[in-house]
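Keep the structure open while you go through them.

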Amino acid sequence: MSVKTIAIFTAFIYPHLGGVERFTVKIAETLVKKGFKVIIVTTNSHNLSSQEENGDIKIYRFPSKKQFKSRYPIFEKNNIYKELLMQLSNENIDFVICNTRFYLTTLMGLKLAKKRSIPSIVIEHGGGYVQVGTSIKGHSILDFLAKIYEHWITFLVKSYQPKFAAVSLNGIEWLKRFHITANEVLHNSVDSTLLKEFEKLEYLPNPSNQILILFAGRIVEEKGIVLLLEAFSNIKNSKNAKLVIAGEGPLLNYLKQSYQAENILYLGKLDYDSTMTLMKQSDIFVAPSIYAEGGPTAVIEAGMMKCAVIATNRGVVPEVISDEKTGVIVNDNVDSIKIALEELIINHEKRKLLQETIHQKIKTGFTWDATVKHLIDDIIYK
């Protein structure tokens, strides 16, 4: 099989921000470096041009309506949709990649693959049911309906008989809930040059004797931000530590009012470069997610930037923090996070050991070159 053009079907890409979006772009860019042409098929979430070409990457943006807090796009099958679909059908595509099971873009990609009799793969990016409710427990009725929908659309996806992969071993285990066997892991990754790119930059003035603790992500309850703030507010040895919160979300104003202190800093939304620069400056990165996600990618980025990482056991975390030398896995409660913070603030030697060890782990096993090589050698050409 001679593969020249790969089509990636995904619900969102830039300027929409998220782990799946970055995964799509980095996979596409790395495939192009390897000599492939890439077509990205997505929805027009930000009213941009319907088509865009950037070198060997071509983007189709299908018109859509956004549902469930703009998290779920539904195709708007107008004349633009029909015209784009006709043009897409005429593209010379050799392999189809679909991100996640439950978006309509995945069904579009699998239909095209079946019609063309070309191979396809669906990549799982989660580790639990999607929540559409208003809290970490969700709204019981909405989440029940979402669960039914997820099983229904997964049944349709399975009917096309694609291959399946996941971004973590936890994701592979989760797919078993739907009677899906997946044997391949395609990790969210980072550029091998990431540390060097930001090594000499500085985002915040930071005294040498101050320990910088960073949270970077959406300011929503699912990300565990409330647990982190509660834990940090109760630690005994916080005088020489500063907690920096980078991100925006519906809880931001509430948290600013509820957790005020000289050593807690809210920065709001940062772009990627600013976030990476801040990671490079930070001593400890905390990812206290209580949501069943496939990543979090930020753990991998923080590890590459030589942060000591404290994280809950979600997604890829147990693969990155595989022993006590690579990080600290905590329970999703205040006491567990508090104990881990206190230890790493006090224990300079352990903190430095974690920083160096996790950096080496990411550098050797979680780069885009390694992920794409696995995709090409063991999936596309297998």
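**Exercise 1.** Are Tyr129 and Trp174 buried or exposed?

First, some ground rules: this is a predicted model, where local features need pLDDT of at least 70, side-chain atom pairs count only at pLDDT 80 or more, and totals for chains, interfaces and linings use all residues. Residues are numbered from 1 along each chain as its sequence is written, and side-chain values use heavy atoms, with hydrogens and water left out.

Now the cut-offs: buried means under 20% relative accessible area, exposed over 50%, and partly exposed in between (1.4 Å probe, protein chains only). Both Tyr129 and Trp174 come out buried.

**Exercise 2.** Work out how the rings of Phe12 and Tyr103 pair.

Start with the rule: rings of Phe, Tyr and Trp (its six-membered ring) pair if their centres lie within 6.5 Å, with planes under 30 degrees apart stacked, over 60 edge-to-face and the rest tilted. That rule gives 13 aromatic pairs. For Phe12 and Tyr103, the centres are 6.3 Å apart and the planes sit at 80°, so you call the pair edge-to-face. Next, check burial: Phe12 is buried at 3% relative accessibility, and Tyr103 is buried too, at 15%.

Finally, look around: ring pairs join Phe12, Tyr72, Phe102, Tyr103, Tyr149 and Trp152 into a cluster.

**Exercise 3.** Which ring does the charged end of Arg22 sit over?

Apply the test: NZ of Lys or CZ of Arg must be within 6 Å of the ring centre and within 35 degrees of the ring normal. The charged end of Arg22 sits over Tyr272, 3.8 Å from the ring centre. Arg101 lies over the face of Phe178, at 4.2 Å from the ring centre.
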